[in-house]
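The following paragraphs lead through the structure shown below. Please keep the sequence and the coordinates in view while reading.

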Amino acid sequence: MNDFISESRCIRIFRTRKQAEIAQRLLEAEGFSCYVTEDGFEELTLEELNIPPRFRLYVAMQDVKRIAKFLSGKLPKRVR
């Protein structure tokens, strides 16, 4: 896991843990490795500092392009 953490990239920041974990489950169901972190300062969470919380979704660097392609297929086509 430590190598995964050092070779990962944040692809999205969410306002709630629930949203981040839904995205994590979606990607994991497709076979991608990912994890969620909560922004903080030392031992404090942002919420304790009166700053809105942020949750970051990280994926393996080698999966970024495949995930972008996968997610683009999940988004509705833009109507002109």
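**A buried glutamine and its surroundings**

Glutamine 24 is buried, its relative accessible area being 16%; buried means under 20% relative accessible area, exposed over 50%, and partly exposed in between, with a 1.4 Å probe and protein chains only. The model is a predicted one, in which local features need pLDDT of at least 70 and side-chain atom pairs count only at pLDDT 80 or more, whereas totals for chains, interfaces and linings use all residues. Residues are numbered from 1 along each chain as its sequence is written, and side-chain values use heavy atoms, with hydrogens and water left out.

Glutamine 24 belongs to helix α2, which covers residues 17–29. Helices (H or I, at least four residues) and strands (E, at least two) are DSSP runs, numbered from the N terminus. Not counting residues up to four places away in sequence, glutamine 24 touches Cys34, Tyr35, Val36 and Leu57, where contact means heavy atoms within 4.5 Å.

**The chain as a whole**

Three helices and five strands make up the secondary structure of the chain. Along the sequence they follow the pattern α-β-α-β-β-β-β-α. Of the 80 residues in the chain, 29% are buried. Among contacts between residues at least 6 apart in sequence, 64% join residues at least 24 apart.

**The sheet and the helix packed on it**

Three strands form an open sheet in the order β1-β5-β2, with antiparallel pairing; two strands pair if DSSP finds at least two bridges between them. Strands β1 (8–14) and β2 (34–38) stand at the edges with a single partner strand each, so one side of each is left without a neighbour in the sheet. On average, and with direction ignored, neighbouring strands of this sheet are turned by 30° against each other. Such angles are taken between axes, which are lines fitted to C-alpha atoms, for helices over the stretch in contact, and they run from 0 to 180 degrees between N-to-C directions.

Six bridges join β1 to β5 in the antiparallel sense, and five bridges pair β2 with strand β5 (residues 55–60), also antiparallel. Arginine 56 in β5 stands opposite isoleucine 13 and opposite threonine 37. Helix α2 packs on the sheet, where it touches β1, β2 and β5, and its direction makes about 170° with that of β2. In β5, leucine 57 is the bridge partner of valine 36; both residues are among the contacts of glutamine 24.

Strand β5 is mostly covered, with six of its six residues buried. The C-alpha atoms of phenylalanine 55 and threonine 37 are separated by 5.5 Å, although the two residues are 18 apart along the chain. Not counting residues up to four places away in sequence, the contacts of phenylalanine 55 include Ile13, Phe14, Ala20, Val36 and Thr37.

**Aromatic pairs**

A pair of aromatic rings is described by the distance of the centres and the angle of the planes. Rings of Phe, Tyr and Trp (its six-membered ring) pair if their centres lie within 6.5 Å; planes under 30 degrees apart count as stacked, over 60 as edge-to-face and the rest as tilted. By this rule there are two aromatic pairs. In one, the rings of phenylalanine 32 and phenylalanine 70 have their centres 6.1 Å apart and their planes at 50°, so the pair is tilted. This pair links distant parts of the chain, 38 residues apart: phenylalanine 32 is in the loop between α2 and β2, and phenylalanine 70 is in helix α3 (residues 64–74). Phenylalanine 32 counts as buried at 7% relative accessibility, as does phenylalanine 70 at 17%.

Tyrosine 35 and tyrosine 58 form a stacked pair, at 5.1 Å centre to centre and with 5° between the planes. Tyrosine 35 lies in strand β2 and tyrosine 58 in strand β5, so the pair ties together parts that are 23 residues apart in sequence. Tyrosine 35 is buried, with a relative accessible area of 12%, and is one of the residues that glutamine 24 touches.
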